[in-house]
Amino acid sequence: MSNDYKKDDEILGKAYDSKLMKRLLSYAKPYRKYIIFAILMNVVVASLGPIRPYLTKIAVDNYIANSDYKGLMIIGLLLLASLLFQAVIQYFLIYFTEYLGQKIIYDLRSQLFSHVQKLALKFFDKTPIGRLVTRVTNDIESLNALFSSGIVMVFSDIFIILWIFGFMFFLDVKLSLVTLSVLPFLFYGTFLFRRKVRESYRDVRLHLARLNSYMQEHITGMNIVQIFNKEKSELKKFSSINSDYRKSNIKSIFYYAVFFPSVELISSVAVGLIIWYGGGNVLSSTITIGVLFAFIQYTEMFFRPIRDLSEKYNIMQTAMASSERIFKLLDNKAFINNSDTPLNFDNIKGEIEFKNVWFEYKENEPVLKDINFRINPGETVAIVGATGAGKTSIINILTRFYDIKSGNIFVDGKDIKEVNKRDLRKYISIVLQDVFLFSGTISSNISMDNPNISYEKIKKAAELVGADKFIEALPNKYDEIVMERGATLSVGQKQLISFARALAYNPQILILDEATSSIDTETEELIQKAIEKLLIGRTAIVIAHRLSTIQNADKIIVLHKGEIRETGNHQELLAKKGIYYKLYQLQYKDQEINKSA
Ligand code: DCP
Ligand code: MG
């Protein structure tokens, strides 16, 4: 699992992978016309730069040499016009390509999020959150670079080089060949640089991933860090990760620092060659001074696109590695599948039946073994058992968060695999052990932004479960802002809100997975009353630790190590003097102690 994670971030990435590229380009397809337009504009802009040295040549040879002021003026104006024209077109081009890139990655980001939402919970059990966040942010961002500056600008660079070469050979073939004799050195240097940068880039990414996950984990567990006075030692660990990251960054900077001056050096050598060889030719009058001028300018001009192309290479390579990771996630089809021909599932009564159900999270480690039970519409069934017995797992499979290994689960006589997940879940509400609240308001957390649940319904649900008292005491009442994870509310308050949430949806089947956590007696009573109200007129499965809830249940299922060991109502089970009896005795004793305390 964690190895998989590492492997993903180690993907080095080829600079060009035709299969990946094809798939990436499919995202650009809706914008094909615009991209072709951008490329055509680039061809035009690309010619504007290389035209200027040629104009200079004409100015020197035709007008300066002949003292033609008027001609010189015209050339001057042409030069100015080409500069202005280039600036304006470039503005539009940059804006346009960036706009395209943003459009494309917006689509991709939405697709990714929608895909992640469909994945089975099993996937999230083994995927670090940080990793998914990285996919939707960093990885997508590097694709933006590819789509905006990458694809279009590569054409621009190539066309600039072609234009320059064209003008050079048009002016003088021999001098062109002398100038271009430095190219092999440049190519070799670029090749070395690319290889080194590619390696160091992988290090940078690996260390960044480590830094991020360390940071994330520690912020989440900040209270534990502080109570154990671990700040200093944690900082020490962080510093070592931090310095690894710094070192890998500095290393990649080193390669850039060597590469760019080297390119300058080679370009100076080229200029030197032109002056030496071309200057000799001027003296022997085989070429004009204007040609010499133009060549010096061309030499300075063509190193930039070549240098840029090697940067584009990095963009390509990063994008390829990112897209490989993104596509891997998109190709993950760990869904809970709907049947192709789902059964009609309307107006259900709420009968539940488990038949020979086996279930496991990990291969060959069964968590539920041969589970059989039946709940009639409107009945309340309690499930009890030690921690880890498999109680929550029963909920997980009834709601199809996970699929079972064998056996059948029926709701209203229909196998839940044969009905649409959406339909099934429409009739089930759950209150889970650890309540989750989203950032928003109290009311949006109760209604889950369902437009069919009016403000009145929200208030009524809160009143029914007794959550209204503390909500009314809040400064903004139902509009009070709830922070991420409900961090600003107490555990009991969060529970009450989640009860109201379940009730607002008025479900046919209600599932409660109670936490026995730190709730005071008063809140406990409140919650107890809330539960009683919740249960009326619904089929309910209650995983309860509170004796009163269990005692009133129509049936109690005692789960032990994934097996049903006893069933019956409270009195029957006590009479059996088995596991339930022992559990009851233990809790009863606790209660007595609590009362006397
Ligand atoms: N388990 C797992 N993967 C998960 C969830 C649970 O491997 N995503 C394992 C842990 C336990 C077993 O399954 O060994 C049963 O877990 P349950 O959550 O069903 O246990 P309970 O709900 O009965 O325990 P508790 O009373 O602590 O909530
Ligand atoms: Mg549980």
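Mentor: A residue is near a molecule if one of its heavy atoms lies within 4 Å of it. The model is predicted, so that local features need pLDDT of at least 70 and side-chain atom pairs 80 or more, whereas totals for chains, interfaces and linings use all residues. Residues are numbered from 1 along each chain as its sequence is written, chains are lettered from A and ligands numbered from 1 in the order written, and side-chain values use heavy atoms, without hydrogens and water.

Trainee: Which residues come nearest to ligand 1?

Mentor: Thr 387, Lys 391, Thr 392, Ser 393 and Gln 433 do, out of 14 residues around ligand 1.

Trainee: Which polar side-chain atom lies 3.0 Å from a nitrogen atom of ligand 1?

Mentor: A polar contact is a pair of N or O atoms within 3.5 Å. The atom in this case belongs to Asp 125. Oxygen atoms of ligand 1 also take part: one is 2.7 Å from a side-chain N or O atom of Lys 391, and one lies 2.8 Å from a backbone N or O atom of Gly 388.

Trainee: How are two packed helices described?

Mentor: They are described by the angle between their axes and the distance between the axes. Axes are lines fitted to C-alpha atoms over the stretch in contact, and angles run from 0 to 180 degrees between N-to-C directions; helices are DSSP runs (H or I, at least four residues), numbered from the N terminus. Helix H3 (residues 32-64) packs against helix H11 (residues 289-330) at about 160°, with axes 7 Å apart. Angles over 145 degrees count as roughly antiparallel, and H3 and H11 are therefore roughly antiparallel to each other.

Methods
Polar contact = N/O pair within 3.5 Å; in protein donor to acceptor, adjacent residues only side chain to side chain. Helix = DSSP H or I, 4+ residues; strand = E, 2+ residues; numbered from the N terminus. Parallel < 35°, antiparallel > 145°, perpendicular 65-115°, else oblique.
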